[in-house]
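Have the sequence and the coordinates open side by side while reading.

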Amino acid sequence: MCMLRAPKAIQVDMKRLAVLLIALFAAPLTWGQAWTSIAPTGAAQPQETNWTTAVYDYQHKTLLLTQDDSGGGTGIYADTVYGFNPTNGLWTQIWVSDAKTTDCPGDTATRPNHRHTYSQISWDTFRNQLNITAGSCQGALGYDWYSFTHTGAAGSGSWTQSPNPATNPGNRQEGAMVYMANVDKVLLYGGFTGANGAAGADTWEYTPSTNTWTQICSNCGPGARHAHVLAYDFASGKVITYGGQRSFGGANIAVTYIYDPNAPVASRWTAANPTVEAPAAAYACFGYDKQRGRLLIYPQQGHVFSYTVASNTWTDLGIAGGPSPSPAGAPDGTADTYCGYDYDHDYFVFFGTPGLAGGPPQTFGINFGNPPNSPPDPTPPTVSLTAPAGGSTLTGTVTVSANAADNVAVIGVQFQLDGANLGAEDGTSPYSVSWNTTTATNGAHTLTAIARDGAGNKTTSAPVSVTVNNLDTTPPTVSITAPANAATVSGTITVSATASDNVGVAGVQFQLDGANLGAEDTASPYTTSWNTTAVANGSHTLSAIARDAAGNKTTATVTVTVSNDSTPPTVSITAPATGVTVAGTITISATASDNVGVAGVQFQIDGTNLGAEDIGSPYTTSWNTNSASNGTHTLSAIARDAAGNKSTATVSVTVSNIPPTSALGMGVDASTKFSVEVRELAPLVSCASCWFASATDVMAGQTLEIRVRPATNPQIADQVILKEGTVDGTVSVASTNQFVIQPATGTVWPTSITVVTGSVTTFTGFASATGPVQAGQKVSVRGLLFKSTPNGVQLIASSVLLRP
Amino acid sequence: MGKTKWFSGTILLAMAIVLSGCGTTGSNTTTPPPPPPPGSSNLTVFATDAAADNVLAFKVDVTSISVTDSSGKSTTLTTTPQTLELRHLQLAPTVALQAANLPSGQYNSISVTLANPELAVFSAGTVSQKVPTLSSSTVSIPLTNFSLPSGGTQGLALDFDLNSSISTNASGGFVVSPVIHPVAVSSSSAGMELVDSVGQISAMPSNPAKSFDYQLMSGAATARVVTDANTVFDGGITSFANLQVGQYVEVDGQFQSDGTFLAKYVELSASNPGLRVQGVVAAVSTTTTGTSLSLVVQD
């Protein structure tokens, strides 16, 4: 909210009323505001002054001029320093060059060489010293930095050179430099390097305390220019640039820009864009009127202009007459003239030049007639918050406003929220800032405004307490993390959700089929326990409703299937049958079913798990009965469903294995079958079924395979198979296709066995593949040993090995 | 050990069997080694037996087998225990192990570690069970001019000389000091083939065609058996198509240069090996109630 404000003119004291009326209405002055010629006095006066400017020494209350050598030497550039008092025209030679008659000698540690400085010169109000850098001495000078101090007395000055830092602006001439008192830094902008040519647009800051340079920008907003004005505005803490040329000898420009050393680097230069610019000019004669916070320039005869940052206004002060800014006899025109403002005597002084013919500069001055008091401005501004009203409740974006006034001028008002800056300082009345209260927490807050004047005086307004109460319309977000959508659940489970909110989640209420499931959970992690057995099997909807403090709600849902099962499976062992006798490795099989599904069947022997649970039908496992003792054992099949219901089926079996190292009885009944594994010996066995048909055909030494019946106890031979075995012996008689061997005495074999051989018999170790076998040889014979051939006991040989 | 039960009853014939058999100690199923790459070699170790007149069964556990090359580097081929009944291996070798990817080159010895020997000895008309003393559990057998070919398979038979290995001590106890003769085996070696070797089919690979892997009942080795048109199928089966994983089969097969065995016979054995025994008849007696016999179980 804006308030009607008094015109700026009536906010200032009456002492400056006349001056400000000039600024506002550009009305010509008649009192004390006219150019007057100042006759030079003093024992030593400067000669051939040009390509420079004057700075004001606030410590010794004198204008300083670094120009020319006194005494009429041939040098056209100078490093001698003079002081000038406009009230009496007195020149004081503060320091005398030791090389006044030498043209462009090199620098020394105790003084800079002769040079054009133009505006690359400034007065450091903190250290009370004059600084210069680079410039030109028949060509651009390389970077250097000299400081000059003095006591005000003649011959009291001295120069000091600072070491060149690694980073510096380099050689440069016709740039402009100014000391910024508010940040204790020197600003350097523009100029050109090397020979006269295109100007630069770079901006540098120099920190005297550390002797360091920082390049702020290389192609800065004001653009390339040289021979321009650069003035520090004590009132705003900013720097004004104006005028110059884009390149040497180019068209003069105006283009006012402001540099704020406290602004972000990218936005330090801003175009002032005043309604009306001052006339374009280069090498403009200028001075800064600190008493009134304005820049003064004298670009045209009869027209002194002022510029005020706060109002961004160029004003023609309407002071008629005056010297020519480019007087006759000045070969370089305005470059040969310069100005300065004497703060303590309130003089704007113009220094003309008589040209190369020599002689002191012609001096003219405008006395504004207001020598300052000391201190110049002890009066702080006044400030008060005008909006919002104390105790008000705020929402959304509001305007915070303040009224501020000062005996001189208010530089700006900084608003603060709870002690922290709220936006940037407002330098223009009406003072206000926009505040988006949603960026603050709901609740009580304190607003203040701090007004600042050009002298650095500050006043903080009375605080205003307000209450922020923004309506929260953003609902929370919520999702159910467990169980998953479409999951099948049973028993008691945990339902979990995550929720978030722009302000905060007040709580999450779980619901089952629309009815609350437990109490609202007010703290993350949001969970509740659900006993699913309390509801019917089938589909159910779980919801999580997240709520914030403003009452916004969001619901997330999942659908789950409850499947609680109290019905146990059915199970039965299908093999082996109960009561049977088993041996060796058998397969145990079971069938199982369940109203929902069988999760698995675990087999057990005498209560001990047999292998892993079989989770797929057909349910089987393998049991090596040799791992159990002979005798009765209980086989179990335990079927389990997903709900954990179990059923058990059992059968009892008798294990009857043939012990590996012991004997047991075995019966042979009428069903026992006798056979011979004849294989390749078939050509030599005319009737195997005749020769080995019953138990009477069994004899010691035969090799038999016997297969017993698992379901009988004691075992009954189901099959008796005559197989090849090996007999060792000594050949007693040998003839064609047969020979007789005599096994060693005391063995299981008969004392004499006829061995029958044929084409299928292999002979190993003999002279040939067919033998011959000879009496007395020791042999091993492998073959079928028959008891009951037509020729009695015969060993039908498949192989004969001659033994050593 | 060594119990003998005699059976008599209403049945026509009765038998009494003295059993001194071997069992399966290893149940691990392995896969026959693939052909080795160049620089490596596969080794097939056979076990066989020489004559032993009065010993009807000799069972021993083989707990490890290792070889040592010419540089002295020892390589353990297996530590899977297997139980061998050696007596029935006379003229009927079996496979003790198949080792893959051994460095090719010369090998100087093979070591066999034995344990738990048991004997069934026929003496004075009866069979007795004996637990002999094993004089040395590890037997190092020198190899002469024995090399493993690069990229090939070599066979090696360990011929247990039971007659030379078994003796009695002063107290009449049996002592086994294993005497084992190494015999290099190739595909052309006479008599060096699987005979009546029972095992369970563990896999039926597609390559080579009509082949199957079967794990020998002795426990450690898995052999790959290849059938062809000359293979005779018996025991109720008539062709390769009748075979399936899990069946117990009895194989006669010739060792081949690639480490497989070309089957002469594949006979379907008893579906439950626990109900099958094989051995030597030690005695037969006939009484009025029937005929009985003693069988020394070997396999």
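In which loop of chain A does A:N273 lie? A:N273 sits in the loop between β17 (269-271) and β18 (285-289) of chain A; helices (H or I, at least four residues) and strands (E, at least two) are DSSP runs, numbered from the N terminus. This is a predicted model, in which local features need pLDDT of at least 70 and side-chain atom pairs count only at pLDDT 80 or more, while totals for chains, interfaces and linings use all residues. Residues are numbered from 1 along each chain as its sequence is written, and chains are lettered from A and ligands numbered from 1 in the order in which they are written.

The phi angle of A:N273 is near 45°, a positive value in a residue other than glycine. Most residues other than glycine have a negative phi, and most peptide bonds are trans. A:N273 counts as exposed because it has 11 C-beta neighbours inside 10 Å. A residue is buried if 20 or more other C-beta atoms lie within 10 Å of its own, exposed if 12 or fewer, and partly exposed in between, with C-beta atoms placed from the backbone. B:N145 also has a positive phi, near 50°, and belongs to strand β10 (residues 138-148) of chain B. With 6 C-beta neighbours inside 10 Å, B:N145 counts as exposed.

Two cis peptide bonds can be looked up in chain A. One joins A:S429 and A:P430, with omega about 0°, and A:P430 is placed in the loop between β29 (420-421) and β30 (431-436). Another joins A:A575 and A:P576, again with omega about 0°; A:P576 is in the loop between β42 (570-575) and β43 (581-582).

Strand β17 belongs to an open sheet of four strands in chain A, ordered β14-β15-β16-β17 with antiparallel pairing. Two strands pair if DSSP finds at least two bridges between them. At the edges of this sheet are β14 (229-233) and β17, each of which pairs on one side only. Neighbouring strands here are turned by 25° against each other on average, direction ignored; axes are lines fitted to C-alpha atoms, for helices over the stretch in contact, and angles run from 0 to 180 degrees between N-to-C directions. Strand β16 (residues 257-259) runs antiparallel to β17, and three bridges join them. Within that pair, A:I258 has A:T270 as its bridge partner.

A:G221 comes up against residues of these strands from the loop between β13 (212-217) and β14 of chain A. Its contacts, not counting residues up to four places away in sequence, are A:Y257, A:W269, A:T270 and A:A271, where contact means that the C-beta atoms of two residues, placed from the backbone, lie within 7 Å. A:G221 and A:Y257 are 36 residues apart in sequence but 8.1 Å apart in space, C-alpha to C-alpha. A:G221 counts as partly exposed because it has 18 C-beta neighbours inside 10 Å.

Strand β18 opens another sheet of chain A, with four strands in the order β18-β19-β20-β21; this sheet is open and its pairing is antiparallel. Strands β18 and β21 (313-316) stand at the edges with a single partner strand each, so one side of each is left without a neighbour in the sheet. From one strand to the next, the twist averages 25°. Strand β20 (residues 303-308) pairs with β21 in the antiparallel sense over four bridges, and A:F305 stands opposite A:D316.

For chain A as a whole, the secondary structure comes to two helices and 58 strands. Buried residues make up 47% of its 804 residues. Of the contacts between residues at least 6 apart in sequence, 59% join residues at least 24 apart.

The largest nonpolar core has 111 residues, with B:L56, B:A96 and B:A282 having the most contacts inside it. Such a core is a set of buried Ala, Val, Leu, Ile, Met, Phe, Trp, Tyr and Cys residues joined through C-beta atoms within 7 Å. Beyond four places in sequence, B:L56 touches residues including A:V748, B:F122 and B:V296. A second, separate core of 106 residues includes A:Y146, A:V178, A:Y283 and A:F415.

Last, confidence. The model scores ipTM 0.87 and pTM 0.45. Chain B averages a pLDDT of 81, and 86% of the residues score at least 70; pLDDT is the predictor's confidence in each residue, from 0 to 100. Over residues 1-29 of chain B, pLDDT stays under 50. Where pLDDT is low, the predicted coordinates should not be read in detail.
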